[in-house]
Amino acid sequence: MIESYVKILVLCVNGIALGYFVILNTTYLIMGFIAYWGLRRHARRLKLLDIEDLILTSNVPPITIICPAYNEENTCIEAIRALCTLNYPSYEVVFVNDGSEDGTMQRLINAFSLAPTDRMPMADLQTAWIRGIYQSDSYPDLWVIDKVNGGKSDALNAGLTFCRTPLFCAMDSDSLLERDALTRIVRPFLEDATTIAAGGSIRIVNGCTVRNGVLERVGLPRSLLARFQVLEYLRAFLSGRMGWDVLNATIIVSGAFGMFRRRIVIEAGGFATNTVGEDMELIVRLHRHCREKGIPHRVAFVPDPLAWTECPESVLTLGRQRDRWQRGLIDSLTWHLKMLFNPRYGRIGMTAFPHFFFMEMLGPLVETLGYLSFVLALCFGLVNNIYIAAFLMVAFVLGAALSIAAIGLEELSLRRYPGWSNFLQLFVLAILENIGYRQLVTFWRVRGILSSILGVKTWGRMSRRGFSGEEVL
Amino acid sequence: MLDLDWIHDLAVEDRIFLLLIGSIAFVFCLAGMFATSAVVFRLRNIRMTAYWERLERKWETEVIAVMAGEKDCPSLWRRVGKNEELSFIDFLVRFARRLEGEERRVLSELARPYLPQVAANVRKGNTESRAEAAQALSILGLPEYAEHVVTAVHDPSPLVAMIAARSLAREKQVEYAQTIIDNIDRFGNWTTSFLSSMLASLGPEVAPTLRRAFVDPRQSPQVCTVLTESLRELHDLPAADLAAEKLGSEEDREVLAACLRLLGEVGGPRHLPMIRPLVGAADFVVRAHAITVLGTLGTAADVPILRDAFLDSSTWVALRAAKALLQLGKAAVLIELAGAANDRALLARQVLAEEVV
């Protein structure tokens with residue numbers, strides 16, 4: 001009797017998992033086609049409104065780059081030098097030292113001739129105690145806020161408190177912006193005055209050559225784990241984010257590089273400090289805030305402004321990162337659960353939010369159960385060849401097809417990976433990632449769900465190699 | 001007719017199996033299609049890059065020779081293949097953007113035989129190709145094709161209309177200023193700074209038209225703001241009196257702020273009586289702008305007003321007041337405020353320190 005119940009259960013789970021894979025991959029497929037259309041449109045519009053020309057002939061708004069850092073003594077100098085040489089007419093850099101325990105602050109003082117100065121907070125956001133504010137003698141537009149450790153969101157809020165420009169750019173200290181990234185990401189703010197936030201594409205810097213904060217050569221990383229992430233980022237940004245942008249339903253702007261309208265972010269309360277997914281949470285909250293207040297708004301994704309970021313190359317670090325991302329996703333969605341299928345929140349409430357809730361947040365659970373029940377069903381001979389073929393098809397072949405589509409989108413748009421060798425390697429990776437890597441990521445995401453249930457709020461220790469490639473902890 | 005009766009003869013399991021085989025074939029075809037597309041995109045990119053490099057090599061030296069008077073136009077036209085005509089226009093547009101005067105005229109002459117084809121595209125095709133045609137005509141085909149570009153300003157697509165309007169403005173076609181102004185409302189989503197720069201790029205000759213539009217009571221606040229900003233960018237002195245007059249009657253925050261910014265640049269002491277009342281406006285944006293203008297135009301009589309504004313509930317107003325005091329040469333007052341035992345002393349110190357930097 002029990003055996004038959006177990007069989008029914010396994011078969012039910014198998015059916016649900018199969019259905020999940022079909023819906024998930026079909027959604028991705030549709031997104032891919034929408035993104036294809038969006039990228040083509042974007043490329044043609046770029047030709048019509050040359051961005052350099054636009055910047056030169058328009059009064060572009062000044063920008064503050066807020067760059068929080070914690071224990072970044074090995075990378076901070078190069079990162080700031082890169083930020084100080086961006087191609088944009090009017091911007092200042094606010095580097096926030098978030099209570100680093102290493103020599104970050106001293107190195108900054110020495111390298112940029114920092115001197116203590118006075119600066120009045122321009123917003124009322126609560127942050128950890130600010131020990132001092134410094135201005136550089138060598139780069140007058142460089143400011144450093146030295147504060148007690150309070151986490152990334154707290155550091156961003158500290159920077160935001162002292163921001164005096166209508167737009168600010170939030171980024172990670174381990175990200176490297178292409179020189180024209182600001183001119184490109186500001187474009188949606190010029191084209192549409194209702195734009196409140198915009199995100200750019202993020203790429204993996206591992207394997208690339210960086211000299212004096214400038215990306216000189218693009219290449220694939222040596223580590224297989226990092227290579228898989230290259231493909232993941234291509235898929236996520238060119239297919240996913242671009243697709244949602246065309247549908248005007250963007251709910252994520254990556255914390256590694258995003259531009260925001262200062263006034264609206266402060267109005268909404270700044271970055272949430274009690275989540276590790278502050279980037280997504282802010283965007284969801286901004287949508288909610290604007291909808292509830294009747295403020296016309298748009299959150300845009302622009303594929304061409306690129307930020308290059310370092311990705312984890314060890315299994316442990318990558319696992320911690322994905323665990324954290326999943327917890328961030330859960331916080332962002334559960335805190336604003338009211339938006340789910342709520343027509344008051346427009347396309348966000350009716351499309352993007354449900355997708356992220358069911359497919360991205362709960363999906364890993366279904367996927368894991370699906371894998372387990374599939375193995376069980378195989379072991380006990382519960383499924384026929386038809387089911388086996390169907391499962392492999394939707395879980396693996398369609399997955400590979402979607403990754404290959406992302407490579408096609410890259411060829412259509414940015415084409416940052418030169419040479420046939422890189423191109424062919426991406427193809428091989430598109431097939432390989434479905435065997436092992438994808439399951440591993442799913443496992444970490446399930447772990448993230450469990451961590452979230454257990455109330456874990458920590459960021460997790462991350463190791464960095466720096467742009468020069470030497471590992472630092 | 002395709003005979004599908006055999007499907008009905010199959011058992012349910014066989015039908016499912018058949019469906020599955022079909023699905024598998026579809027998914028594999030899909031994967032194959034994506035892979036082929038990726039390879040095709042790459043090959044096409046390589047081919048297109050090579051094609052453009054070849055064409056540019058072929059035309060660039062010839063175009064320079066024509067501009068230098070070493071060769072004539074027909075010699076270059078002979079080098080433009082039948083299927084290369086639109087590519088040639090594309091090439092000339094990119095070239096022309098960097099040039100002016102006689103050199104630009106030569107490029108227009110080179111484009112002349114191919115412009116009828118471009119002109120036909122203004123009314124057909126998708127949004128982007130219509131916009132592209134309007135842009136090419138405004139760069140290479142004015143004044144002959146002005147009518148076509150103006151048609152594009154009235155295009156149902158705001159993008160086409162915007163590209164056409166911007167092109168006319170950049171080509172300094174002042175006679176079409178009114179057409180552009182009439183369409184500003186359609187470009188409502190674009191930022192004010194972008195639209196005002198566009199109008200200002202028409203040059204100082206456009207100022208009378210802008211002023212006429214500015215005093216027109218039918219203008220929406222958004223258009224009025226754009227016009228004011230354009231006049232400010234042009235440093236149009238006669239606009240100061242009009243802006244000062246507007247301060248007494250206008251209620252829109254953006255229009256008031258734009259008028260105050262304009263007065264800050266081209267106004268004079270005679271406008272102070274209209275500006276001072278706005279220091280007490282309920283909206284902090286208006287207060288902040290009024291304070292800034294006092295820093296530029298004000299007199300010693302305004303120091304008490306600025307001292308009060310330094311203690312305004314808005315930090316932005318206080319910051320402007322501190323800067324205004326410095327602008328009026330009242331650093332001593334600011335130093336005194338910096339020594340006070342209140343929160344704002346920090347702001348005074350900041351402004352003093354920034355002045356030193």
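**View 1. The second largest cavity of the predicted model holds about 40 Å³ of space.** The count comes to two cavities of 30 Å³ or more. Lining the second largest cavity are Leu156(A), Ala170(A), Val253(A), Ser254(A), Gly255(A), Gly258(A), Phe260(A), Phe271(A), Glu278(A) and Asp279(A). Two or more of these lining residues come from each of β11 (257-261) and α10 (278-293) of chain A. Sorted by class, the lining of this cavity has five nonpolar, three polar and two charged residues.

**View 2. An open sheet of 10 strands in chain A has mixed pairing.** The strand order is β3-β4-β5-β2-β1-β6-β11-β8-β12-β7. At the edges stand β3 (114-116) and β7 (175-177) of chain A; each has a single partner strand, so one side of each is left without a neighbour in the sheet. On average, and with direction ignored, neighbouring strands of this sheet are turned by 30° against each other.

**View 3. Strands β1 (residues 63-69) and β2 (residues 91-98) of chain A run parallel.** Seven bridges join β1 to β2 in chain A. Ile63(A) stands opposite Tyr91(A), a residue of β2(A).

**View 4. Helices α19 (residues 315-327) and α20 (residues 331-338) of chain B have axes that come within 7 Å.** The two axes cross at roughly 140°, which means that α19(B) is oblique to α20(B). On the α19(B) side, the contact is made by Ala322(B), Leu325(B) and Leu326(B). From α20(B), the contact residues are Ala331(B), Val333(B), Leu334(B) and Leu337(B). By class, the residues of this contact between α19(B) and α20(B) are seven nonpolar, no polar and no charged.

Definitions and conventions:
Residues numbered from 1 in each chain as written. Chains lettered and ligands numbered in written order. Predicted model: local features only at pLDDT ≥ 70, side-chain atom pairs only at ≥ 80, totals over all residues. Heavy atoms only, no water. Axes fitted to C-alpha atoms, helices over the stretch in contact; angles between N-to-C directions. Helix = DSSP H or I, 4+ residues; strand = E, 2+ residues; numbered from the N terminus. Parallel < 35°, antiparallel > 145°, perpendicular 65-115°, else oblique. Contact = heavy atoms within 4.5 Å. Nonpolar A, V, L, I, M, F, W, Y, C, P; charged D, E, K, R; others polar. 1 Å grid on protein atoms, 1.4 Å probe; cavity = no way out; pocket = protein on both sides within 12 Å on 5 of 7 lines; lining within 4 Å. Points joined across faces, edges and corners; volume = space filled by probe spheres on them. Pairing = 2+ DSSP bridges.
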